[in-house]
Amino acid sequence: LLPLSLSPVACANIFSNIGLNASPTPKATLALTHRRQTHRHPSLLSTMATPAPPAATSSSMASTFRAYSIPLILFAAAMFFQLFVIPKSFPPSNYDILGIKMYSSIEEVREAYENISSAWNSGERAPVTLDFIKIQYAYELLTNPLWKRNYDIFGIDEQIDVIEKVKEQYAGESFSKIELPLLDSVSSDIQDHDLTVITSKDFQTMFQGNMPALIQLCSFGSKSCDKFSDAWKKIAALLGSVANTGLLELGELQLATHLAERKPTGQPFFRNGIPSLVAFPPGCKTSNCLVRYEGELSVDSVTDWFATTILGLPRILYYSKESLGQKFLAKVSLHKVKVIFFSKTGERAAPFIRQAAKNYWTHASFAFVLWREEESTFWFNSFEVESAPAIVFLKDPGVKPVLYIFYAGSVNNSWFLKIMEQNKQQELPQLRSTTSMALGCDPRGYSRAGHHTVTWYCAVIAGRHSPELSTMRGTMRRVEEILSNEVESRSADEEQSIAPAAGALKSKRLTFAWLDGEAQKKYCLFFLQSETSHETCGERTDMTDVPQLYIVRYKRNVTEEGDKPKEKPKSIWDAVQDQELDPASQLVAKYNGSNEIPEIMKWISQIIKDGDSRDLPHYRTRTPHLVPEDSEPIWSAGVQSIPSTNMIKQSIRGILRGFYDRIRGDPRIGPILLLAALMSFGTIWLRRSQATPVSNQPSQPNSKVNIRRRRRRRKEIRTDQFSYPLLQLLVLE
């Protein structure tokens with residue numbers, strides 16, 4: 001405990017001053033000298049270290065185990081893959097069972113089987129029942145040309161479950177009682193299937209247009225394909241109007257292998273066996289964008305998958321007697337025609353019906369009802385439907401439903417599209433953003449009579465949805481019906497009074513329509529701006545709803561449009577202003593008379609007579625645009641650019657399946673893991689075996705280690721100055 005700089009003689013002087021023995025013993029002198037040397041040379045301590053205790057040994061083993069944990073895990077994974085995964089992924093082939101090499105010919109298969117049979121018959125080797133079943137199965141499979149081709153090229157072994165069935169059936173019995181043959185063959189004649197078979201040449205012609213395609217890959221020697229043939233005929237018939245369909249036999253090896261999936265070893269295969277369905281979406285002409293069907297092989301499942309996933313068609317829901325009114329009729333827009341199908345079978349809507357629902361979504365809404373005999377009275381009282389299958393078109397309020405009754409299976413695409421064109425509009429069409437051009441009620445367009453027509457008219461009844469509006473719509477339908485029919489009972493004066501309106505309607509220069517004043521507030525106020533327009537246009541503020549009839553005369557100045565010189569606009573404002581002006585002039589006349597039909601017809605006729613004969617001013621303005629009343633459906637073209645949930649799920653499923661195939665079916669994974677384990681083990685061992693080099697650089701005076709050493713030395717000096725009893729004990733010892 002003395003200062004390290006003191007010599008033994010100085011220590012003796014100190015002892016004599018404090019009354020102790022002044023002659024230090026050799027043992028004490030040796031202890032002080034040793035302590036001084038170890039402080040001056042710390043490396044001496046390491047040479048005098050004692051053996052490590054057991055706790056240090058266990059901690060060293062734990063650190064070693066942690067250091068080599070990654071190589072051990074890789075080694076365990078490699079062994080597991082080689083001992084368990086590989087044997088299950090690559091079981092013995094049928095060639096191995098017969099003891100011959102892979103892809104042997106049929107003659108070699110027969111020769112091997114005869115050798116095994118002769119050994120059994122001679123008594124050299126008694127066959128076990130299970131071995132006999134496997135050998136007989138391999139022989140029958142590999143001697144059938146179609147089955148052998150499918151097995152060798154695509155790895156198809158669709159009747160493998162026969163082995164387990166026969167094993168259970170003849171458990172504990174002799175092999176001689178097994179009935180042969182084990183496998184049932186099917187007809188392989190193309191003519192017997194009565195199907196549209198495509199070849200490599202036909203495959204190219206299927207993609208000349210933009211039509212989607214659905215292809216079935218199968219083998220005529222396959223039992224599963226033979227069972228699916230009837231369902232495929234129905235699928236092809238249902239999809240015939242919306243997609244190209246065809247059957248590809250696996251004998252077209254180049255095309256079949258191109259459309260098949262690939263194992264990590266490169267062998268083509270079909271994950272779910274055959275038949276396998278492959279779809280090409282619209283515009284897809286390569287195998288990079290094809291979609292494989294993985295669901296149930298039924299007519300309903302396949303057609304629904306193709307219509308929903310590939311074509312993006314909307315589903316048409318079924319409704320009951322209780323839910324039809326609340327969930328369908330009450331929620332459908334009033335301007336749309338309601339199309340209701342009555343079905344006895346409850347099957348989904350055919351793809352061409354769903355395609356029509358997509359094409360006519362701006363005009364009609366579709367629903368299905370399952371027909372029950374106990375509810376026949378209700379449906380007859382509601383829609384006059386006596387039996388099913390039937391189609392009902394519901395149009396304007398108060399208009400008799402349009403009913404079509406047909407036989408099951410007699411509805412085809414052309415007939416259905418024909419009746420849709422006839423009934424897509426209401427009896428009195430609504431003036432909307434999607435119908436204004438077709439009705440001839442748009443100053444930016446032309447008359448229904450054609451582009452050569454200079455003057456035409458549009459009679460519109462505007463108002464909010466109310467009983468009063470429904471009544472006026474019925475009145476206008478009656479006016480249109482009277483003007484379009486020739487009645488012999490009319491007098492000469494009556495005929496003359498309505499002649500201008502009847503002639504304009506017949507020549508398509510006159511159109512009748514109705515306007516939703518609440519939804520088209522700005523457009524309605526543009527034509528009916530007055531003190532009482534709030535009773536017709538805009539939101540309902542009171543209980544008063546007054547429908548208003550007005551007629552618009554449109555006129556195009558053909559001479560002015562043709563002779564107008566093409567001058568450059570002086571400014572941007574002039575160019576914008578000229579573009580916004582409507583090409584046709586508009587004059588509006590409002591009806592203020594009674595709701596009597598003869599009075600309305602006379603008024604319309606007088607307006608048309610004056611508009612055709614009088615020289616009225618040609619006044620152009622900027623008409624407000626009609627507001628779209630229907631939001632874009634989720635299956636529309638604009639929204640379809642966003643990947644659907646099903647497509648995202650399918651992509652994720654494909655990535656996971658590819659990873660699983662790579663782990664399970666790639667025989668290179670085991671050696672790769674073993675190589676990685678050995679390399680990591682060697683790297684870690686090399687690093688741990690190398691000694692840590694001693695630094696030759698002088699220590700820095702301000703380092704943390706030096707600071708701690710100086711503090712420790714100062715503390716020892718202070719302890720030496722005041723620990724006299726301890727010093728006395730040391731000297732006495």
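1. Thr 536 is buried, at 4% relative accessibility. Buried means under 20% relative accessible area, exposed over 50%, and partly exposed in between (1.4 Å probe, protein chains only). Thr 536 sits in the loop between helix H24 (521-528) and strand S14 (548-555). Helices (H or I, at least four residues) and strands (E, at least two) are DSSP runs, numbered from the N terminus.

2. A note on the basis. This is a predicted model, where local features need pLDDT of at least 70, side-chain atom pairs count only at pLDDT 80 or more, and totals for chains, interfaces and linings use all residues. Residues are numbered from 1 along each chain as its sequence is written, and side-chain values use heavy atoms, with hydrogens and water left out.

3. What surrounds Thr 536? Leaving aside neighbours within four places in sequence, Thr 536 is in contact (heavy atoms within 4.5 Å) with residues including Arg 464, Cys 524, Leu 528 and Val 546. A polar atom of the Thr 536 side chain lies 2.6 Å from the backbone oxygen of Val 546.

4. The whole structure holds 3 disulfides. A disulfide is counted when two cysteine sulfur atoms lie within 2.5 Å. With bonded cysteines counted along the chain, the pattern is 1-2, 3-4, 5-6.

5. Cys 524 and Cys 537 are bonded, with sulfur atoms 1.8 Å apart. Their link is left-handed, with -55 degrees about the S-S bond. Cys 524 is in helix H24 and Cys 537 in the loop between H24 and S14, 13 residues apart. Both Cys 524 and Cys 537 are buried.

6. Cys 441 and Cys 458 form another disulfide, with sulfur atoms 1.9 Å apart. That link is right-handed, with 80 degrees about the S-S bond. Cys 441 lies in the loop between helix H20 (436-439) and strand S12 (455-463), and Cys 458 in S12, so the pair ties together parts 17 residues apart in sequence. Cys 441 and Cys 458 are both buried.

7. Cys 284 and Cys 289 are also bonded, at 1.8 Å between sulfur atoms. The torsion about their S-S bond is about 95 degrees, so this disulfide is right-handed. Cys 284 is buried at 5% relative accessibility, whereas Cys 289 is partly exposed at 30%.

8. Cys 218 is buried at 2% relative accessibility. Cys 225 is buried too, with a relative accessible area of 6%.

Conventions: A polar contact is a pair of N or O atoms within 3.5 Å; within protein, one must be able to donate a hydrogen and the other to accept it, and residues adjacent in sequence count only if both atoms are side-chain atoms.
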